[in-house]
Amino acid sequence: MELSKNFEPQAIELKWYKHWMENGYFKSVPDGREPYTIVMPPPNVTGVLHMGHCLNNTIQDILIRRARMQGKNACWVPGTDHASIATEAKVVAMLRERGIAKSSLSRQEFLEYAWEWKEKYGGIILEQLKKIGCSLDWERTTFTMDPDYYKSVIETFVKLHKDGIIYRGLRMVNWDPASKTALSDEEVIFKDVDSKLYYVTYPFADGSGGGITVATTRPETILGDVAICVNPADERYKSFVGKEVSVPIINRIIPIIADEYVTADFGTGALKVTPAHDKNDNELGRKYNLKALNTLDAEGKFTLQDLEDELINDLIISYAGVDRFVLRKKMAADIDAEGLLEKTTDYKGQVGTSERTGAVIESRLSLQWFMDMKKLIAANTEIAAAVAEEKIKFYPQKFKNTYSHWMDNIKDWCISRQLWWGQQIPAWYDANGDLVAVAASKEDAEKIYFEKLKLALGEEQFQVNKENLIPNLFQDEDCLDTWFSSWLWPIEVFKGISHPANAEIKYYYPTQNLVTAPEIIFFWVARMIMAGYMYKNEMPFENVYFTGIVRDKQGRKMSKSLGNSPDLLELIDKYGADAVRFGIMIASPAGNDILFDESALEQGRNFNNKMWNALKLVKMWEERTTNGGQHTTDNGQGRTDDNGQWSALWFENRLNEVSLEVNELLNQFKLSEALKVIYSLIWDDFCSWYLEWVKPGFEQPIEKAVYEKTVGFFSSLMQLLHPFMPFITEEIYHLLVEERADDLCIKQNGSLDLPNSKILSEGELLKNIISGLRDVRNKNQIKPKETIKLHIQTHDAATYKAIENIFAKQVNAASIHYVNDAVAGSITTVIGKDKFFIETELPLNTTSQKETLQKELLHLQGFLLSVQKKLGNEKFVQNARPDVLALEQKKKADAEEKIKIIEESLLVI
RNA sequence: GGGAGUUUAGCUCAGUUGGUUUAGAGCAUCUGCCUUACAAGCAGAGGGUCACAGGUUCGAGCCCUGUAACUCCCA
C-alpha cells in the first residue's frame, strides 16, 4: 500500500466517526458492567461551537473513551438547554428583522415562531461536536423543554411551593431594562466604570439658608428621594438630624435621619435615600417607614406615575419617557441651573450588568417568585457537607472554598422571568388577579379553587351557588429561570423525575464526572447538588473537573466582540480534529486558564505527521522480515549483534513504565500531563531511540520477531493515545495490521507488568552514551558521515557488550575496543564513570576538549563542596535520616570518583 | 470592603510528607545537518539569586510572618 507523504486527516475522520456510529460503540444500555456516566453540560440550543466547548467536550471525551477502554459501561449524554433569555432575545431579533414586533404577537404565536427557530437552528452545536470526535450516545439527546422534562420542572415547582420553599413576594430584584425581566443575583456581572459624583445641595426647608450636600452617582433618581441620611456619630451633621430639606426640582420636603449604615467618609457623609431604586435604600426605607417612589419604568425611562399627588411642574413633565442615562445629564444641568449643583468629580465605581444583555441593572421593586435557599439547605444538610467532606470531589480543590463560602452566605433565588420562552409558572389567578392555586394543570387549579370556595361559603351555600361560580382562572404569564430546569439535568436525562425508580436512573445515577467551567459553579453545579440530594437523596456526581477559561495569546478572554475567537471548524479543516484536540489539551491543567495559541495546533499536526511517518517506516519493513532466530551473530568486527532483541526488551519495559505513569496521572485528572508523557514516549523513546536502534541497514531485512514486537508496541502506543487523539490512532491501528477483527475504539486495556528497573537503567546509560558521544562529535566538528574508532575504559564491560552494537551504529563508530589506559592522540571524554577515547582522521583540537572537561570539573567541585559542607556539619550527621545520610555519602564518593577520572583525563590531553 | 488563588528559563507550566547529583519539561532561541520514515524533520547546545524581605530547621522552590504585583469570586 502506498501511504501519503504527510498525514491527511479530513477523509479518515469522517470515515472513522461513521464506522464507530454504525457499530453502536457510543450507545449504552444498562448491563452487568460498572457504569461510567457523564452528562454533558447542555449548551444553549442556539449556540455554536467555540473554544470553550471544544476544551470542555474534549476533556469529557477523553474521560469517557478511557472508561470505555477500561471495560466500563461508558455513557455520555448529550443535549441542549432552552436558555430562556438568550434564545428569546434571538427570536425577538429575528422577528424584528422580519418586521414583526413581539408585542404584536400573542404568547401562543410567539412560541410557534420560537419553536420554528429552535427546530431550524437548535442543535447545530451537537453536529459540530461530532467533528471533534465526541463519543456521545446520541440516542439519549435531551432538550430541557422536551415534554417529560417540562412536566418534571412544573412538578418540582408545585412540590417546592407546597413545602413552603417557593414563595411569591414583593422584593427588590435585579431588573434588566433591556429584556424587561427580573434576574437572579448570579446573572448580574459587576463591572468597573468611570462615572461622576454629583455634589447636590438640598436647601433647608425652614428657609434658614444653607442646606446639606450629598454626593451621588445617580442624580436621575433624585425625584424619588424621601430622606437624607447621615451617620449618627458624624459631628458635622449632628445638629441637622431632625431638620427638613427640600428636594431640588420637585421641592418635596423630606427629613434628615441618622443611621449607622451611612459611612461618614464616603462623599460628603450624607446619603440621599431612594427606596425605589436601591437595595440598601430600600432597607433603610423599610426601617424608617419611608415611601418608595418609583420614577423609572420597566425600560429604565422616567415615569410620573408615583408623583401624581405632588405639584409637578413643566420641567418634570418634560422628563417623562426620557432614558435614565440621558436624564442623568439633563437633571444635573437643571439642578445646576437652580444653583444647587456644587461640583462634579470623576469617580471609579461599579455597576451591575446583565449577564445576557449587558444592560446596566436597575434595582426594582417587583412581585416575583423566589426560592428560600436557607430553608432548602437546612432541610438537606448533605448539600453543604458532601463537598466540604469531599464526598463530591472538586478538581482543582480550591473551588471547594468558593462553594462553601457561597453556601454560607446564600440568598434567596429569584426564579421568575418576564419571558415566554421557558416553562410557564404553574400559578393560577382569579379575575381579580389574586393567587388561587399553584398546580400543574388548570383542572387541578380549579379543583383547589372549588375546595377553597367550599371552605369559605360552607357546603350548603356552595352547592346552591355552584352553577354561578365559574372559575375563570388564568395562568401566571411569566416563565421560570432556565437554571430552574437545568438543575434537574443529571436526574431527568434518565427520566428520574418524570418516571422515578426506572431502571436507567437506578443504573446510571449518580454519575461519575462533571466537566464544566467555574463560572457556573453557583448557577448550576451547586444547584444540581441541591436537586440531587432533594430528589434522589444522593449526590449527582462524584467528581467535578473545572476547566479554565480559554484566552487568546495576550491573555484576553475570547469573545465575539473582540473578534479574537477563531473559527473552530476552520481550524479542524486546517489541522485536523486530532491536532485541535492535542493543541487545546497540551497546556490546560484543571482550573487554569489556557492561553490559546495556534502554534500548539501546529505542534499537534506535526505530532500526527511524526506518527504517520513512523508508520511508513515500519510498513517498509513488513515485506523484508527474516527468520534469523534468537541467536546472536558475529557482525565481523568482533562485536556481538542481537538484531534488536535487546532494544525490544528495553522498549517493552519503558512502555510499561510510562503506561503506569499515565494511569496514575489520569486517575488524578492530570490530563495535560498525561498527554505530555505519552507525546514524549512516542516521539522520543519510540521514534528517536527505539526505531533508530532496531532500524536495519539500507535495504537490509529485519528480524521477524523484532518486527512483530515493533508492530505490537506501535499498537499499544496508539491504544494509550486513543482517548486523546481518536482518529489517527484508529487509522494507524488498522494500517499496522490489515484486516484486524477489532477496533481500537473499544479495545480493552490489558493489565500492566511492573517494569524491570535494571533494563531501564541500562537504557538510560545507552541514551547517555549516545548523546555524550554525539556531543563530542558536534563540538569537534566531526561530520556525520565520518566514522570514528571508539576505545572505552570501563569496569563494567559486560553491560557495554550487550548494547555496544546499538551505540556503535548511533554514533557511527567503525570499531569498539576496551582498554585499560588512555589512548594517545585521541579525543577524551567522560560519560558517567567511564572514559571514552575517540580516534579520528581529523587533527585534534585539544583546547575545546579541555574546556569541556574543565567546565565539568568545576561543576563537580562545586557540587562536592556543598556535599562536604553538609557532611561536615555535625548536626546534620546527628539529625538526618540514615537513608539521607547514606545518600549524601554516596554523592560524595561519586563526585570524588568522577573528579579523579576527569583530572586523570586532563593530564593526558 | 470580604474571600480565594497565583508569582519557578523569553513564553506556558511540572516540582508528591522539606533531603536523589549546587532546579525539570514543552514551545521559542542558537549551532550543525537535504543521514534512503519524517526539513511539519534530525543531532546538539545555551538559558533560572525559584517575586522581595525576614524567620523556623542540620537542611527551604516547598513550612511560618511580612511586603509587592497580578488573577478570580463575592458584596
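Me: Which angles count as roughly perpendicular?

Reply: Angles between the N-to-C directions of fitted axes run from 0 to 180 degrees. Within that scale, the range that counts as roughly perpendicular is 65 to 115 degrees.

Me: In this predicted model, how are helix 1 and helix 25 oriented to each other?

Reply: The structure is a predicted model. The axes of helix 1 (residues 9-22) and helix 25 (residues 726-736) cross at roughly 85° and come within 9 Å. Because 65 to 115 degrees is the range for that class, helix 1 and helix 25 are roughly perpendicular.

Me: Which residues of helix 25 make the contact with helix 1?

Reply: By class, the contact has five nonpolar, no polar and three charged residues. Helix 1 supplies P9, I12, E13 and W16. From helix 25 come F727, I728, E730 and E731.

Me: How many residues in the contact of helix 23 with helix 24 are nonpolar?

Reply: Helix 23 contributes I678, L681, I682, F686 and V694, and helix 24 contributes V706, T710, F713, L717, L720 and L721. The contact has no charged residues and one polar residue. The number of nonpolar residues is 10.

Me: Which helix supplies the largest share of the surface near RNA strand B?

Reply: RNA strand B is surrounded by 55 residues, the closest being N606, N613, G862, K875 and F876. Helices that each supply at least two residues of this surface include helix 12 (399-408), helix 23 (671-694), helix 28 (846-872) and helix 30 (882-908). The largest share, 10 residues, comes from helix 21.

Me: How many residues of the surface near RNA strand B are charged?

Reply: The surface is divided by class into nonpolar, polar and charged residues. There are 18 nonpolar and 20 polar residues, and the number of charged residues is 17.

Me: Where does P396 lie?

Reply: Most peptide bonds are trans. The bond joining Y395 and P396, however, is cis, with omega about -5°. P396 is in the loop between strand 15 (393-395) and helix 12.

Me: Where does P510 lie?

Reply: The peptide bond from Y509 to P510 is cis, and its omega is near 0°. P510 is in the loop between helix 17 (503-508) and strand 22 (511-516).

Me: What is the phi of A83?

Reply: Most residues other than glycine have a negative phi. A83 is in the loop between strand 3 (79-80) and helix 3 (84-97). Although A83 is not a glycine, its phi is positive, at about 45°.

Key. Residues numbered from 1 in each chain as written. Chains lettered and ligands numbered in written order. Predicted model: local features only at pLDDT ≥ 70, side-chain atom pairs only at ≥ 80, totals over all residues. Near = placed C-beta within 6 Å. Helix = DSSP H or I, 4+ residues; strand = E, 2+ residues; numbered from the N terminus. Nonpolar A, V, L, I, M, F, W, Y, C, P; charged D, E, K, R; others polar. Parallel < 35°, antiparallel > 145°, perpendicular 65-115°, else oblique. Contact = placed C-beta atoms within 7 Å.
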